[in-house]
Structures are given as structure tokens and as C-alpha cells.
Amino acid sequence: MTPAFDTSQQVRFHDYWLDGAFDEMFEAESVPRPHYRALYEMLQEMPLAEMRRRKQSADVSFLHQGITFTVYGREEGTERIFPHDLLPRIITSAEWETIERGLAQRITALNLFLRDIYSDGRCLADGVVPREIVYSCKHFRREMRGITVPKNIYVTVVGTDLIRLPDGRFVVLEDNLRVPSGVSYMLTSRQVMKRIFPELFRKAGVRSIDHYSEALLATLRALAPEGRPDPNIVLLTPGVYNSAYFEHAFLARQMGIELVEGRDLAVHDNLVYMRTTAGLRRVDVIYRRVDDDYIDPLAFRADSTLGVAGLFNAYRAGNVTLANALGTGVADDKALYAYVPKIIKYFLGEDPVLDNVETFLCSQPAERQHVLEHLDQYVVKAVGESGGYGMLIGPYSTAGEREEFRRRIQADPRNYIAQPTLQLSRAPCFLDGSVEPRHVDLRPYVLYGDKITIVPGGLTRVALRKGSLVVNSSQGGGSKDTWVLY
Amino acid sequence: MLSRVADSLYWMSRYLERAEHTARVMGVHLNLMLEHDLGSEGRRWPRVLASLGSREKLQGDEFPTAQAYALDQIVSSIGAARENARQVREQISSEMWEEINRLFHESKRIGTPQSFRAQPFDLVSAVTQSSHLFHGITDSTMLHGEGWQFIQAGRFIERVQHTARLIDSHFQEFYRAGAEPSSAAEHMEWIGLLRSCTAFEAYCKVYTADLRPERVAEFLLLNAEFPHSVRFGVERLGQSLEAVNQATTRKSDRLGKLAGRLAASLSYTPLEEIMSNLHEFSAGIRRLCGQIHAGIYQVYISYPIEAALGA
């Protein structure tokens, strides 16, 4: 009898190399860290053909579930399967404890900051944050001044981007306080992985993330307007052409709430209704996945057809809760980011648990001068952009691109910041028969209602192109399942 | 159920029915044309186009125009059905989505003017088969709740209107009171009418192959058991509207009255009276269907907010 496949063919590690970046799996050449040992042993034992079979089975499963995202700027509505790497990214419980504590602290402080700038403005008066940084931010909403939001919670759903430096510390790269996405990839990838590697799950001891949707629903319910004991909660999506539509539909289904578009809602006498075949039904809480600018054509962009006319007035009257609140983008502005450690100190009297990345503000003349002289060493980012758009990665840029950014920075310095080119940590990926390291980041999801909930896990994004540091899905990035151990 | 969702389900189903009907009628006439003397062909295509609801005035060689019109109607209806399905992909079963999406891509492939001219029957049979398959899948994979009822309502209101119009235009051309089909060619046209409604075999079971215009009219308009007859469609439409009414507790008697009136005219009008003015009878059915359609919108979909608040 000949075996079904050649068992001598094993998964290869010979293309794996270590360099200055922190390696998630190896302490030294061929010496895995203790929490990666189970995975390492499995990779040593498993025939290559079997790994390939499992990879294929995972891919098919993503395809059939229609787990896709849309790439903008190409052919209209180009849907793509989200690239997924088979090997999990593993985090120990001690590391997670720090992350959890650090995120809770950061979100609490940022929420207090938002409340403050939209009411008394103490931190501005005390000079903690310069007024011009706040007022010149395009996500600052003057309309929110003096409005009380339920339980004083502005940021209900947060996805904070962390990276790991060569010394092994996690630091915060970016706060996403507007409409962070990606959580559906975290949840679906876990479901697929449990089917693909059941034996590894048993050996490793992985903490569950399945309660995310339930926790999100409880969080939204806790923020319902007063006197609405059985609130009607809906998810507001921009519609099927939005890049994250899959996620909107997925979350609505998981929570068992209605997925609505702007045209399904109507406002009358400052009450929000949805139009059903059984008549109008009052809406109490809106988990909105539509940006501030588009949410109400009467209050914000008049050309928006995605929003609901009159919604802002209903919100101001306290008859409906929006999660996240409007105007939260001012706190994830990349220029404000530099002040977050001070904000934490000011509002909580604590030192930050998770550090920031060193950041230069181009609005400050001395810092701008430094950045312009060393453009080839820095990553330059436009403050209001996300998704990896509007970025210059100095060491990998051409002279022409640097010239272009020099011009842009000088024209509008407030709009740019610079950070050192960071060595993101690397994790093993299964790529075409061998295991190779690729750069990764980590986006855990934080929920803030009557308490802070952080499900143990997150979205690990990976730059699948060799040597690339850009992990955004719109720029050729993929994802990995993230395991937090007991 | 959100009004928008009901709207999309209703139109998904209407467009698919429209594509199926157009494809079948086209298939029948392309077939009849093959064995006909060319001199008599001049009148066929204007009639077919009119029966498909086109207001185009044909001039010159009508066949290419008719062919282009039908192809366009088939392909664009499938596109519209699929677009509506896409808007409510989470509300229909994935099997339904897969089938309508498959049909869409296939119709793009074989529905080009070149391939339709060369092999028209490929598209005709692909569309009719896929439509049957889609409704089978719908019946066996989807919850038979409110959404399913909107799908049924869309399908039958579309079918009733098409069948009524088709009968009308055929009788205007070929019917002479009391006379039977005079030539073999005319005989074939009557079979063609039945085939356009998938009714030939069913007719033979009821009346044998002895074709008499009054019986054809009776069968296609008044038979209570044949799924493509007007009466059958009207009854199913009424049942679906009643089910939606129950599910939404809107207690709208407006739609119930319209559907009841339509059903009564089919149940209680004597055939002789219908035959004495078939054109008016058919127009009356279509008019009531139009009112029902408007009523569905007024009651369930685009009702004014003030009215709903007052209720």
C-alpha cells in the first residue's frame, strides 16, 4: 500500500529568519516561546499535504460565508475575500492582563476628555491640550457642545490598534473611536479555526470570544434613553455598497436586531421611527456605522442620502441614543494622539499603562523642521485619514513621493504628523508550503456601556507582502485568529 | 418587517416573473415563425411586442427590433431581480441567492445579442428553468412568513397582468365569435397561446386536444386549478395579501376589498358575458391589479408618516 500522501514532506521552516523585530513565536533560532510550543510541535508533526488541505478547507469556508470587503477606488463594488492566515497569533494571559488594564485606562480617560471638551473645557483652560488642536480638528463637532449623552458615554465601541516593539512592549499606534470595523473577522475566523484545529485548541487552552455580540447588545441596551425599559435597538448601515456591509449584516444577525438604512428611518416630533410593514415603530438606540458627516443632512452634510433628516434634533432632545456619540473623532485625531498620555495623567492621575509611539506634530515649527529634514526616516500620516490612505513610509519612499509630502506638509502642517519607522513584531504565517515571518499588529475591541468589556482576543492584521509594514486590508493586508490563553 | 425589505422581495419576484414570461413568449413565437409562410409574418411581431407591454411603434423589418426588445427585457429584468435580492441578501436563504446570482451570470454570458440571435433557445430555457428552480428553492428553504408572502404577491400580480394582456391581444387578432380555427397555421397560433402560458398539456387534460377559442379563454381566465390561469393567480394574490394583513395587524380592508372584487369578477362573471367584450374584461383585470399594486405601496411601503402616527 502506498500512503495517500508523502509523509516525509513536512512543513518547512528553512525560510524563517530572525532580525531586529520582536518575533512572536521564537525566542531564538528554533527555540519557540513556551506559549507557542503546542503550535510549533503540531507544525513539526503535521504533513505538508494535511496542512494544505486544512488551509484550503478554511479558505472555502470563508468564501461560502461571503466574508468579503470592498476595495474602493477600483471597479465599482469590487468585493474581495479577506485574506486569512492559518496560524494563530498567541498572547499569554500576563500580556493580556496588561493590555486589558491599559485599554480600560485609556478609554476611560478619552471618554472623560470628550465629555470635558463638549462641556466645561477644563482641560483646555488648564492648558493640558492646546485649544487649537481641538478646535482645528475636522472631527470636532461644535453642535455637540452642551449636549448630555446617556451615562456620559461617548465612545461605546472602540478598536485600538496596538503594535509590539522590539523590546516586547505593546504600545498604542492609533485609537479608533468613530466607527471601528473588523470585529466580524475576529468572530468568523474563530469559528473557522475551531473546526480546522480542534486538537490544538484543547492543548493550548484558548479563552472564548463568542460572547462579543451578546456583550455589545447589553452595552447598547444599557445606553437606552430613560424611560425606555424595552428599547428597540437597530444597526444603521450606509447600505450594500459600503466596504463593511458584510460586518453590519453579520452583527445585526448575531444580535437579532434590525439592520436599517437611512431611508428606513424617519423623524417626527423629535422621535425616531422605522418604517415597517406593520406601521411605524419607535427606535431607541442606534448602533450607527455611518460617519458623523453623513448622519443627518439637516445638521451636517446636506448632500448626504445615507442619513436621516432630523436625527440630530431627536438626539439632542435625548429621545434616541447614538453609539458612538457624534464628535468622538476629535479624540482619535492623530495630532491629539500625542497628548493622550497627558490626558490620562490629568483626568485619572495615573501613568499610562500602555505607551504611545513617539510622535512629531508638524504644526509645531521645531518638530516640523526636524521631520522635513529627515523625511526618509519617518512615517508621515495625514491626521484625519485611516485605512492606510494618505501615508508616506520614509525608508521605502521615492524622492518624488518625499517631495510631494514636503509640499503637502508645508501647505497644511496641522494635517500631518510623523512617527519613527517602527519595527512591528512578526508572527509566523503559512505561505505556500513554508512558514515565514510577517509583520503584525493587534486590534482588540473595547465596549463601554455601564461597564467596560474587552473580549479576550482581537483582530491581528498581518502584512502578507514580504517586508511590508502596512497591515490594512485595503493595502494587501490579511488577518489571523488571535488567541488569548488562560 | 422593514418596508424596504418587503419592497425588495416584492420586486425581486416581479422581475423574475417578467423575465420568465418574456422568455417563454419569445420562445413560442420564434418556434412558430420557423414553420410559417413569410408573407403572414408581418403582423406577428407588433402583436408580440404589444402583448409584452411595449408601446414601441414598429417600422420596417420588425423582427430584429422585437428580438432586441425581448432580449433587453429578459436580461434587464434578471439584473433588476438580482439587484433587489442583493439588497436583502440577509433576508432570503443563501440557496435562493446562489440561484438568482447564477442565473444573472449565465444570462450575461448567453444573453448577448450575437448569441441570442444564433441560439435563442439557450437563453429561453435557461431563464424558464432557473425561475422554476428559484421558486422551488424559495418554497423549500425560506420561512413561509411575511417575506415569503410578499414574494408570492409579486409573482402572481405580475403573472395575472401578463396573462390577461396576452389573451387580449391574441383574441383581438384571431377570434371570430362562433368560428373555429380555419387553417393549420391558425390552429398553431392557438396552441402557441396555450404554450405561452405552459397550458397546452393541461388544457388537453381538461378538454382534449379539440381547440375551441371559448374553451381556451375559459381555461386561461377561469380555471381554478391551473397555476398560470388568471383566476388561480388572483386567488393566490388575495391569499398572500390576507396573510400579510394578518401578520402586520394593519387591518386594511382596502386591499382585501380590491382583491375580493377581482376574485369575484372571475368567479361569478358568465363566460358569454366575458366573451362579448373580452378586451374590456382584460383591461378591467389589469386596472384592478394596478390599484392593488398602488394599495400595497400605500398600506405597507410608502405610507405617509402622519397617517401612520394617527392610527
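Select Asp269(A) to begin: its relative accessibility is 66%, so this residue counts as exposed (exposed means over 50% relative accessible area, buried under 20%, partly exposed in between, with a 1.4 Å probe and protein chains only). Asp269(A) sits in the loop between strand S10 (265–268) and strand S11 (271–276) of chain A (helices, H or I of at least four residues, and strands, E of at least two, are DSSP runs numbered from the N terminus). Its phi is near 50°, a positive value in a residue other than glycine.

This is a predicted model, in which local features need pLDDT of at least 70 and side-chain atom pairs count only at pLDDT 80 or more, while totals for chains, interfaces and linings use all residues. Residues are numbered from 1 along each chain as its sequence is written, chains are lettered from A and ligands numbered from 1 in the order in which they are written, and side-chain values use heavy atoms, with hydrogens and water left out.

**Other backbone stops**

Go to Thr198(B), where phi is again near 50°, positive in a residue other than glycine. Thr198(B) lies in the loop between helix H8 (184–196) and helix H9 (200–207) of chain B. With 36% relative accessibility, Thr198(B) counts as partly exposed.

Back in chain A, display the peptide bond from Ala323(A) to Asn324(A): it is cis, with omega near -5°. Asn324(A) belongs to the loop between strand S14 (321–323) and helix H11 (340–348) of chain A.

**The contact of the two chains**

Now show both chains together. The contact takes 22 residues from chain A and 22 residues from chain B (contact means heavy atoms within 4.5 Å). About 2000 Å² is buried between chain B and chain A, 50% of it on carbon and sulfur atoms (buried area is the accessible area, 1.4 Å probe, that two parts lose on being put together, summed over both).

Between chain B and chain A there are 13 residue pairs in polar contact, both residues at pLDDT 80 or more (a polar contact is a pair of N or O atoms within 3.5 Å; within protein, one must be able to donate a hydrogen and the other to accept it, and residues adjacent in sequence count only if both atoms are side-chain atoms). On the side of chain B that touches chain A, at least two residues each come from helix H1 (3–34), helix H3 (62–87), helix H7 (146–174), helix H14 (278–301) and helix H15 (305–310) of chain B. H15(B) gives the largest share of that side, four residues.

Three salt bridges are counted between chain B and chain A (a salt bridge is a side-chain nitrogen of Lys or Arg within 4 Å of a carboxyl oxygen of Asp or Glu). To see a salt bridge at this contact, select Glu261(A) and Arg4(B), whose closest N and O atoms are 3.3 Å apart.

**Salt bridges within the chains**

Over all chains the count is 55 salt bridges. Select Glu17(B) and Arg159(B), a salt bridge with its closest N and O atoms 2.9 Å apart. This pair links distant parts of the chain, Glu17(B) in helix H1 and Arg159(B) in helix H7 of chain B, 142 residues apart. Glu17(B) is buried at 2% relative accessibility, and Arg159(B) is buried at 6%.

Next take Arg102(B) and Glu106(B), a salt bridge at 2.9 Å between the closest N and O atoms. These two residues are four apart in helix H4 (residues 94–110) of chain B, so about one helical turn separates Arg102(B) and Glu106(B). Arg102(B) is partly exposed at 39%, as is Glu106(B) at 24%.

In chain A, select Glu24(A), Arg89(A), Glu95(A) and Arg164(A), which a network of salt bridges links.

**Aromatic rings**

Finish with the rings: 27 aromatic pairs are found over all chains (rings of Phe, Tyr and Trp, the last by its six-membered ring, pair if their centres lie within 6.5 Å; planes under 30 degrees apart count as stacked, over 60 as edge-to-face and the rest as tilted). Tyr346(A) and Phe347(A) are an edge-to-face pair, 5.0 Å centre to centre with 90° between the planes. Tyr346(A) is partly exposed at 24%, and Phe347(A) is buried at 15%.

For a tilted pair, select Trp11(B) and Tyr15(B), with ring centres 5.3 Å apart and planes at 40°. Both lie in helix H1 of chain B, four residues apart, about one turn of the helix.
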